Each structure stands twice: as structure tokens, then as C-alpha cells.
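Visitor: I would like to learn how to read a few features of a structure. Please show it first.

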Amino acid sequence: MVIKIVEKNEEYFTIGDLIEDIKKSQRVDQAGAIYSFEGIVRGSEEDLTVDKLTLTLPDKEKGLAEIEAIAESAKVKHGVFEISVIHYIGEFYTGDQLFLVVVLGPHRGETLDALVEVVERVKHEIEFKKEEISNKGTKVIMAGG
């Protein structure tokens, strides 16, 4: 299980890296499902074109502890075996990955439920600050946005 908040260009992980790592779990023989999520920078929506997104976190250690707690809570609640999370901070452009989650579980239902819970809780509960620079100017989006 890997849980990290990573400065862009400091380390690089792919969904494939996380899946390969999670398959090394001692519980893989009991598993029947792996679900993954890769959140990327959206470049446009309706009449908005994003040029750049800057993602920061005021307290990286606190944010990491909170993500670890979310993953552990989802693991226990849904009865899954492993959850890995990588969240990047820094400056990003269209298509760049921001957020990776991989869950290993016994069956597809609870494994998918755990994935969805981790994605939604991290998005809404961790104090990330997004600064979106677009053709409409600069917009600041706090946790939950």
C-alpha cells in the first residue's frame, strides 16, 4: 500500500505502478477485484479554457495523515484489502495527472464502493487549494470544488 502527497516532478507514479504494487499484497489470492481512478486536469468546459492549474496544500503532513485515515476508514468499512493513493501538488496543464487511487478487494461491489468513497472524501475533506488560470481569468477553488 502506497499513500503519498507528491510534488510534481519530485516523484512519478502511474496507475500501472500502483496496480503492480498492490498485486504484491499478501491478500491478492483472496482478491477478485482491482479498481483504479486517475484524476486529470480538464482543459475546458462550456466556454472556459484552462491554461494552467496550480494545486497547493497548506500543511502537507496533516493532509497526508488525513488521506491515510480516509483510506484506512474505507478499508475497514468496505472490507477491502489494500488502498493506494497518490495526490500530486504543483503546477499542472491539460491532461496532467493529479490524483491516483487503486483498491484491491474481494468482490467488485465493495471494492468499487471503497474507491468512490476515497475519491469523494479526499476531494471534499482535504484542504487542497486549486488556482485555475483560464481565458476567464484566475479562479480559486478550495476543498470540495
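Guide: Begin with burial: buried means under 20% relative accessible area, exposed over 50%, and partly exposed in between (1.4 Å probe, protein chains only). At 7% relative accessibility, Phe 99 is buried, while Phe 37, at 29%, is partly exposed. The model is predicted, so local features need pLDDT of at least 70 and side-chain atom pairs 80 or more, while totals for chains, interfaces and linings use all residues. Residues are numbered from 1 along each chain as its sequence is written, and side-chain values use heavy atoms, leaving out hydrogens and water.

Visitor: How many aromatic pairs does the structure hold?

Guide: Rings of Phe, Tyr and Trp (its six-membered ring) pair if their centres lie within 6.5 Å; planes under 30 degrees apart are stacked, over 60 edge-to-face, the rest tilted. The structure holds one such pair. Phe 37 and Phe 99 are edge-to-face, at 5.6 Å centre to centre and 70° between the planes. Phe 37 belongs to strand β2 (residues 33–40) and Phe 99 to strand β6 (residues 97–105), so the pair ties together parts 62 residues apart in sequence. Strands (E, at least two residues) and helices (H or I, at least four) are DSSP runs, numbered from the N terminus.

Visitor: At what angle do helix α2 and helix α3 pack?

Guide: Two packed helices are described by the angle between their axes and the distance between the axes. Axes are lines fitted to C-alpha atoms over the stretch in contact (heavy atoms within 4.5 Å), with angles from 0 to 180 degrees between N-to-C directions. Helix α2 (residues 60–78) and helix α3 (residues 108–125) pack at about 155°, their axes 9 Å apart. That makes α2 roughly antiparallel to α3 (over 145 degrees; under 35 is roughly parallel, 65 to 115 roughly perpendicular, the rest oblique).
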